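Please consider how the helices of a protein can be described in relation to one another. The paragraphs below lead through one example step by step.

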Amino acid sequence: MVMTFEDRLRDRSRWTIGDNCSVVKVLDLLNTKTAFLAIRECFYGTTRFEDFVERIGASAPAVSRALRQLESAGVITRVPYREPGQRARDEYRLTEAGEDLLPVLLSIVQWGDTHLQENGPPFTFRDEAGRPLAVRVTPADGEPPISADDIEIHYNGGRG
């Protein structure tokens, strides 16, 4: 099961995408386990620094670096809060770009549940009606899911 290329891209020895590849850019951003787990924790409702440190199980400096990296990329934003009698602090919240990582997170969970969990998945993600969720590749118009064999890669004229 493989994707195909449009005619001008079929001779793969004549072109390379290099660092302009979106996969490379995402991996550069989410290049540590801590960074990816910070995204997971944001979706799970974690907002405060000390809670990230505890729930991720990484050192405070590692969590701090990951949160700064995600903030500089526009994936999370800081929102000030103040508890009575305490100094002002920041909570971390997903931006729209961060929220767009939901299918990425769920795809990884779904793959891990299928291929790495010997005793079944630890969680089931369901919609408000109680239906289990599944991530699938579909055409933009919402037609039924497709496989890699159904995908053709096209060149976009160097945009990027």
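Is the crossing of H3 and H4 left-handed or right-handed? In this predicted model, the crossing of H3 and H4 is right-handed. Two packed helices are described by the angle between their axes and the distance between the axes. For helix H3, which covers residues 49-56, and helix H4, which covers residues 60-72, the axes come within 9 Å and cross at roughly 115°. Angles of 65 to 115 degrees count as roughly perpendicular, and therefore H3 is roughly perpendicular to H4.

The residues that form this contact can now be named. From H3 come Phe-49, Phe-52 and Val-53, while H4 supplies Ala-60, Val-63, Ser-64 and Leu-67. Sorted by class, the contact of H3 with H4 has 6 nonpolar residues, 1 polar residue and no charged residues.

The C-alpha atom of Ala-60 is separated by 18 Å from that of Thr-77, a residue 17 places away along the chain.

Phe-52 has a relative accessibility of 0%, and because buried means under 20%, Phe-52 counts as buried. Apart from neighbours within four places in sequence, Phe-52 is in contact with Ala-38, Glu-41, Cys-42, Thr-46, Thr-47, Gly-57, Val-63, Leu-67 and Tyr-92. By contrast, Lys-25, 27 residues apart from Phe-52 in sequence, is 24 Å apart from Phe-52 in space, C-alpha to C-alpha.

The next pair to examine is H2 and H3. Helix H2 covers residues 33-44. The angle at which H2 and H3 pack is about 115°, and their axes are 10 Å apart. H2 and H3 are therefore roughly perpendicular to each other, and their crossing is right-handed. On the H2 side the contact is made by Thr-34, Leu-37, Ala-38, Arg-40, Glu-41, Cys-42 and Tyr-44, and on the H3 side by Phe-52, Arg-55 and Ile-56. The residues of this contact divide into 6 nonpolar, 1 polar and 3 charged.

The remaining pair in this account is H2 and H4. At what angle do H2 and H4 pack? The angle is about 70°, and the axes of H2 and H4 are 9 Å apart. H2 is therefore roughly perpendicular to H4. H2 passes H4 in a right-handed crossing. Thr-34, Ala-35, Ala-38 and Ile-39 of H2 meet Ala-62, Val-63, Ala-66, Leu-67 and Leu-70 of H4 in this contact. By class, the contact of H2 with H4 has 8 nonpolar residues, 1 polar residue and no charged residues.

Thr-34 is found in helix H2, and it counts as buried because its relative accessibility is 14%. Neighbours within four places in sequence aside, Thr-34 is in contact with Ile-56, Ala-58, Ala-62, Val-63 and Ala-66. Thr-34 takes part in the contact of H2 with H3 and also in the contact of H2 with H4.

In soluble globular proteins, nonpolar side chains tend to be buried together. How many residues does the largest nonpolar core have? This core has 23 residues, and those with the most contacts inside it are Leu-30, Ile-39, Phe-52, Leu-67, Leu-70, Val-75 and Ile-76. The elements that give two or more residues to the core are helix H2, H3, H4 and strand S3, which covers residues 89-94. H2 gives the most, with 6 residues.

With neighbours within four places in sequence left aside, Leu-67 is in contact with Ala-38, Phe-49, Phe-52, Ile-76 and Tyr-92.

Technical notes. Residues are numbered from 1 along each chain as its sequence is written. This is a predicted model: local features need pLDDT of at least 70, side-chain atom pairs count only at pLDDT 80 or more; totals for chains, interfaces and linings use all residues. Side-chain values use heavy atoms; hydrogens and water are left out. Axes are lines fitted to C-alpha atoms, for helices over the stretch in contact, and angles run from 0 to 180 degrees between N-to-C directions. Helices (H or I, at least four residues) and strands (E, at least two) are DSSP runs, numbered from the N terminus. Angles under 35 degrees count as roughly parallel, over 145 as roughly antiparallel, 65 to 115 as roughly perpendicular and the rest as oblique. A crossing is left-handed if the near helix is turned anticlockwise from the far one by less than a right angle, and right-handed if clockwise. Contact means heavy atoms within 4.5 Å. Ala, Val, Leu, Ile, Met, Phe, Trp, Tyr, Cys and Pro count as nonpolar, Asp, Glu, Lys and Arg as charged, and the others, Gly among them, as polar. A nonpolar core is a set of buried Ala, Val, Leu, Ile, Met, Phe, Trp, Tyr and Cys residues joined through side-chain atoms within 4.5 Å. Buried means under 20% relative accessible area, exposed over 50%, partly exposed in between (1.4 Å probe, protein chains only).
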